[in-house]
Amino acid sequence: MVEVTVTPQSSLADRPVRVRVRGLSPSQLVTLRAWLKDEQGECFQSRAFFRADGSGEVDPGSHAALGGSYSGVWPMGLFWFLQPDTLFRRLVKRDVAGSPFLVRLEVFDGLRLGTEPPEQPLGWCEAERWYVGPGVQRLPIREGRVRGALFLPP
């Protein structure tokens with residue numbers, strides 16, 4: 001059974017996480033895909049191709065991506081290289097305190113190039129990426145022509 005994990009599963013958006021895939025065959029070629037839908041329903045995704053090591057594991061923090069959205073060793077590459085399915089869209093989080101982005105990480109056998117993989121993934125997990133930590137208070141600022149928000153720690 002193939003297992004995809006992200007540690008920690010819930011974290012702030014600017015904090016690094018560790019992605020690992022276990023249970024693959026040694027030297028198996030796989031596609032690791034990350035995707036999310038923003039608040040408008042727009043899909044953003046990235047993918048990277050990896051060859052599993054001798055124990056059937058893939059760790060983007062120590063194994064080089066062979067291609068896809070990026071190549072080389074990028075521990076956070078699947079998150080940093082998210083691209084919109086529709087050109088000229090930007091990934092923006094409006095409700096920063098109320099909900100996280102849910103990023104789904106999936107692993108597929110072989111190379112998958114299309115935007116919609118036609119088959120079920122070998123394994124998957126979800127990561128929560130929060131923009132405001134627990135207990136942080138958001139105060140809107142309106143002074144003359146100045147508009148903004150003040151975030152106060154607990």
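Predicted model: local features only at pLDDT ≥ 70, side-chain atom pairs only at ≥ 80, totals over all residues.
The C-alpha trace extends over about 60 × 35 × 25 Å along its principal axes. Of the 154 residues, 39% are classed as buried. Among contacts with a separation of 6 or more, 54% involve residues 24 or more positions apart.

The secondary structure consists of one helix and eleven strands. Read from the N terminus, the order of elements is β-β-β-β-β-β-α-β-β-β-β-β.

Strand β4 takes part in two antiparallel pairings described here. With β5 (residues 43-51), strand β4 (residues 29-37) is joined in the antiparallel sense through nine bridges; within this pairing, L29 has R51 of β5 as its bridge partner. The two strands form a hairpin with five residues between them, and G41 in the turn adopts a positive phi of about 85 degrees. Strand β4 also runs antiparallel to β8 (residues 101-109), to which six bridges connect it. Here L32 is bridged to V107 of β8.

A further hairpin is formed by β10 and β11, with two residues between the strands. The turn includes G144, whose phi is positive at about 60 degrees. Strand β10 covers residues 137-143 and β11 covers residues 146-152; their antiparallel pairing comprises seven bridges. Within this pairing, I141 is positioned opposite G148 of β11.

Definitions and conventions
Residues numbered from 1 in each chain as written. Heavy atoms only, no water. Pairing = 2+ DSSP bridges. Helix = DSSP H or I, 4+ residues; strand = E, 2+ residues; numbered from the N terminus. Buried < 20%, exposed > 50% of the residue type's maximum accessible area, 1.4 Å probe, protein only. Contact = heavy atoms within 4.5 Å.
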